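Please keep the sequence and the model in view while reading.

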Amino acid sequence: MTFQVALSFEDGITRFIKCDGDETVADASYRARINIPLDCRDGACGTCKSLCESGTYDGGDYIEEALTDEEAEQGYCLPCQMMPESDLVLQIPTTSDVAKTAAGTFSSTITEIRKFSDTTIGFTIDIANRDDLVFLPGQYVNITVPGTEATRSYSFSTGPTSKELSFLVKITDGGLMSEYLRDRAQVGDTLEFTGPMGSFFLREQKRRALLLAGGTGLAPLLSILDKMRTDAADHPVHLVYGVSSDADLVELDKLEEYTKSLPQFTFDYCVSDPASSAPNKGYVTGLFEPTHLNDGDVDVYLCGPPPMVEAVRDHLKSEGVTPANFYFEKFNNAATPGGSAAAAAPEAEVVEMVEAAPEYEIGEEHQPLSQSDAQFDARMALELGAMELTIGRMTQEQLSEYRILAEASCKSIENDHFTDAGAFTDTNASFHEFLFRCTTNDVLLEAYNRLEVTQLMTKVLRTADWVDEHIQHDHLDIVAAFEKGDRAAAHELIVSHSAHAKATMCRAIERSTVA
Ligand SMILES: Cc1cc2nc3c(=O)[nH]c(=O)nc-3n(C[C@H](O)[C@H](O)[C@H](O)COP(=O)(O)OP(=O)(O)OC[C@H]3O[C@@H](n4cnc5c(N)ncnc54)[C@H](O)[C@@H]3O)c2cc1C
Ligand code: FES
């Protein structure tokens, strides 16, 4: 069986190769003349170590020095050893240049131009070798503006398996591509482009998704929706689409269609112009509902202008929500540096244009590990204080209850895996809170309750299976130290228990990042 492997390089270029189920990714890659980093070719040196973003594979044989168990758990892999069991997306830790490859170049013909309004134009192209153009939903290409040598980046608004290749462009006065599309473009024109590019693409769906589009940032999200429909994705997806004026509002009929063809898809839209006739005026953040944010158990994909990315980030922060994954692509339609306008412009204008350069950035943010560590460190510090107030002073009845709670928390763990992570989170919370209750110090209890350990565990451990194997005994050992009134042992156990808890959370967070 043959699979498709996407090799995503550090400079944003993605190359796709075909890899048989019984050949290594490195062999397939060299067969395609793509020189990914390689040295021993034997799973011994770790030179080829890469990150697998999605898909399943047989990791092959290698030694711990090349790839540790922990790295393998996090999704790192050795292409010189791995063989695919499904299509894969790999992040290769080098540039396409070093790997002696480059983006593909294609020649296309415009088959349709749709003037949605004065501000937005859509166009569709056709290429003869459509099968050679493989891309991930959300990626873009660099199109050469006809009659110039300048290129502009545009995201596909159609899905990877669609025969048609469409784009959605915001028209900016004085813009090179904008004016070509508005004033001169004709069906039948030739467009040259290179690609695909970019690391803003749909990851394997593991949870609810929230898609946020600003203006023509809708294009890559339409491509993502197309892929979700092809895959018959069964997680809820909500899209919020925000534009500046009514003229910018496009493709609502297409979104409406998706509500019928994609189970669990819903959307809403808003226009910031107060004079708009749209039902919702304002910004996308005004349309967020608690179900869309799902207490942070959500993958957010945002494509829009830089201020929108910042506004969403600030909003989530103020709501105390940290999404499991936050993928964003910022682009605006200001002057594009390096284009023919720059080449043709007098020096002073070039400077001006560079100053007006768009902020373009693709990024990912995940549940921050530091936030989790800080919560567990704070719990440990408070627990050490609570221990000082209670050790040697607990009644027999309290000690018995403490033991019952410890035993209850062990019931949902077997060695190094959860049998029921949700039940563990609950019983663990009762166990830890009990010590603070025993202090009869309301201020300390309140300080403990202000921590977000339990909320964080609920969110992060929802789909986790691995748990540090020591956790199972830690609670019982802590109770035993209290029963003996052994302050030193209790101190040591509380500290080491915190490290085991942090390791468990770390693994779960990193797994959700790779997912
Ligand atoms: C990864 C990525 C994906 C993108 N995807 C999309 C997409 O799907 N849809 C979309 O609409 N856009 C997208 N963009 C933005 C797009 O690439 C262009 O930047 C945008 O369309 C403007 O190009 P243009 O040729 O029309 O304008 P440009 O020629 O780049 O000019 C833009 C503005 O700058 C002004 N200007 C031009 N020359 C100068 C100068 N010398 N000094 C000062 N000002 C000057 C112009 O008057 C105009 O107002 C994307 C950008 C990136 C980076
Ligand atoms: S090349 Fe040495 S481990 Fe892969």
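Strand E3, residues 50-54, pairs with E5 in the antiparallel sense over 2 bridges. Within this pairing, Ser-50 is placed opposite Cys-77 of E5. Helices (H or I, at least four residues) and strands (E, at least two) are DSSP runs, numbered from the N terminus. Two strands count as paired if DSSP finds at least two bridges between them.

The pairing belongs to an open sheet of 5 strands, ordered E2-E1-E7-E3-E5, in which the pairing is mixed. Strands E2 (14-20) and E5 (76-77) stand at the edges with a single partner strand each, so one side of each has no neighbour in the sheet.

## Basis of the model

The model is predicted: local features need pLDDT of at least 70, and side-chain atom pairs count only at pLDDT 80 or more, whereas totals for chains, interfaces and linings use all residues. Residues are numbered from 1 along each chain as its sequence is written, chains are lettered from A and ligands numbered from 1 in the order in which they are written, and side-chain values use heavy atoms, with hydrogens and water left out.

## A covered strand

Strand E14 (residues 208-214) is mostly covered, with 7 of its 7 residues buried; buried means under 20% relative accessible area, exposed over 50%, and partly exposed in between (1.4 Å probe, protein chains only). On one side of E14 the buried residues are Arg-208, Leu-210, Leu-212 and Gly-214, and on the other they are Ala-209, Leu-211 and Ala-213.

E14 runs parallel to strand E17 (residues 298-304), to which 6 bridges join it, and Leu-212 stands opposite Leu-302 in E17. E14 is also joined by 6 bridges to strand E15 (residues 237-243), again in parallel. There, Leu-210 stands opposite His-238.

## Helix H15 and its packing

Helix H15 (residues 471-484) packs with helix H12 (residues 421-438) at an angle of about 20°, their axes being 13 Å apart. Axes are lines fitted to C-alpha atoms, for helices over the stretch in contact, and angles run from 0 to 180 degrees between N-to-C directions. H12 and H15 are therefore roughly parallel; angles under 35 degrees count as roughly parallel, over 145 as roughly antiparallel, 65 to 115 as roughly perpendicular and the rest as oblique.

Helix H11 (residues 396-410) packs with H15 at about 170°, with the axes 8 Å apart. H11 and H15 are therefore roughly antiparallel. Residues in contact (heavy atoms within 4.5 Å) include Leu-399 and Tyr-402 of H11 and Gln-472 and His-475 of H15.

Gln-81 lies in the loop between E5 and strand E6 (83-84) and is buried, at 13% relative accessible area. Apart from neighbours within four places in sequence, Gln-81 is in contact with several residues, among them Thr-24, Arg-41 and Asp-58.

Arg-33 has a phi near 65°, a positive value in a residue other than glycine. Arg-33 sits in the loop between helix H1 (25-31) and E3 and counts as exposed at 69% relative accessibility. Glu-251, with phi near 60°, also has a positive value in a residue other than glycine. Glu-251 is found in the loop between E15 and helix H5 (252-261) and is buried, at 7% relative accessibility.

A cis peptide bond, with omega about 0°, joins Gly-195 and Pro-196. Pro-196 lies in strand E13 (residues 190-197).
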